[in-house]
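Let's take a walk through this structure together. Have the sequence and the 3D view ready, and follow along as we go.

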Amino acid sequence: MKQFTAKEVENLLKKGKALNVIDVRETDEVAAGKIQGAVNIPLVLLEFRMNELDKSKEYIMVCRSGGRSGRATQFLNSYGYKTINMAGGMIAWEGSVD
């Protein structure tokens, strides 16, 4: 499974790189703050909403600590999506939040 650290994701955003970030935390968790531009698709709904994702794009998966996003990464990879897990999750995130 491909992984980025939170710092690597933050640096890519600071350089102006357009990233497709999917936050798989629950809605109440995301209300406390998310990475700017991230789309919230709770892990429990991912199977039902994965058709909203484009297989030609690469997605960075995020959760609180990296566990749920790791499961989401493996799940989507098994269906042919290009995904990267953000290791450490939002606990490791030091960048700005929406």
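Is Lys7 buried, partly exposed or exposed? Lys7 is partly exposed, because its relative accessible area is 41%; buried means under 20% relative accessible area, exposed means over 50%, and partly exposed is in between (1.4 Å probe, protein chains only).

Before going further, a word on what you are looking at. This is a predicted model, in which local features need pLDDT of at least 70 and side-chain atom pairs count only at pLDDT 80 or more, while totals for chains, interfaces and linings use all residues. Residues are numbered from 1 along each chain as its sequence is written, and side-chain values use heavy atoms, with hydrogens and water left out.

Now for the sheet. Five strands make up an open sheet in the order E1-E5-E4-E2-E3, and the pairing is parallel. At the edges you'll find strand E1 (3–5) and strand E3 (39–40), each of which pairs on one side only. As for the labels, helices (H or I, at least four residues) and strands (E, at least two) are DSSP runs, numbered from the N terminus. Two strands pair if DSSP finds at least two bridges between them.

Let's zoom in on strand E2, residues 20–23. E2 pairs in the parallel sense with strand E4, residues 58–62, over four bridges. Asn20 has Tyr59 of E4 as its bridge partner, and Val21 stands opposite Ile60 in E4. E2 also runs parallel to E3, and two bridges join them. There, Asp23 has Asn40 in E3 as its bridge partner.

Helix H4 (residues 67–78) lies across E4 and E5, running at about 170 degrees to E5. Such angles run from 0 to 180 degrees between N-to-C directions, with axes as lines fitted to C-alpha atoms, for helices over the stretch in contact. Contact, in turn, means heavy atoms within 4.5 Å.

Leu13 is partly exposed, with a relative accessible area of 29%. What does Leu13 touch, leaving aside residues up to four places away in sequence? The answer is Leu19, Ile35 and Trp93. Take Ile35: it is 22 residues from Leu13 along the chain, and the C-alpha atoms of the two are separated by 9.8 Å.

Lys7 forms a salt bridge with Glu10, and their closest N and O atoms are 3.4 Å apart. A salt bridge here is a side-chain nitrogen of Lys or Arg within 4 Å of a carboxyl oxygen of Asp or Glu. Why might such pairs form? Side chains of opposite charge can pair when their charged atoms come close. Lys7 and Glu10 both lie in helix H1, three residues apart, which is about one turn of the helix. Not counting residues up to four places away in sequence, Glu10 touches Trp93, Glu94 and Gly95. The pair belongs to a network of salt bridges that links Lys7, Glu10, Lys14 and Glu94.

How many salt bridges are there by this rule? The count comes to eight. One of them joins the side chains of Lys2 and Glu58, at 3.7 Å from N to O. That pair links distant parts of the chain, since Lys2 sits in the segment before E1 and Glu58 in strand E4, 56 residues apart. Lys2 counts as partly exposed at 45% relative accessibility, and so does Glu58 at 39%. Another salt bridge is between Arg49 and Glu52, with the closest N and O atoms 2.9 Å apart. Arg49 is partly exposed, with a relative accessible area of 25%, and Glu52 is partly exposed at 48%.

Val44, Leu45 and Phe48 make a nonpolar patch of about 320 Å². Patches are made of residues with over 30% relative accessible area and no salt bridge, where like charges are joined within 9 Å and nonpolar side chains (Val, Leu, Ile, Met, Phe, Trp, Tyr) within 5 Å. Accessible areas come from the Shrake-Rupley method with a 1.4 Å probe, and for residues, only the protein chains shown count as cover. Leu45 is found in helix H3 (residues 43–49), and at 37% relative accessibility Leu45 counts as partly exposed.
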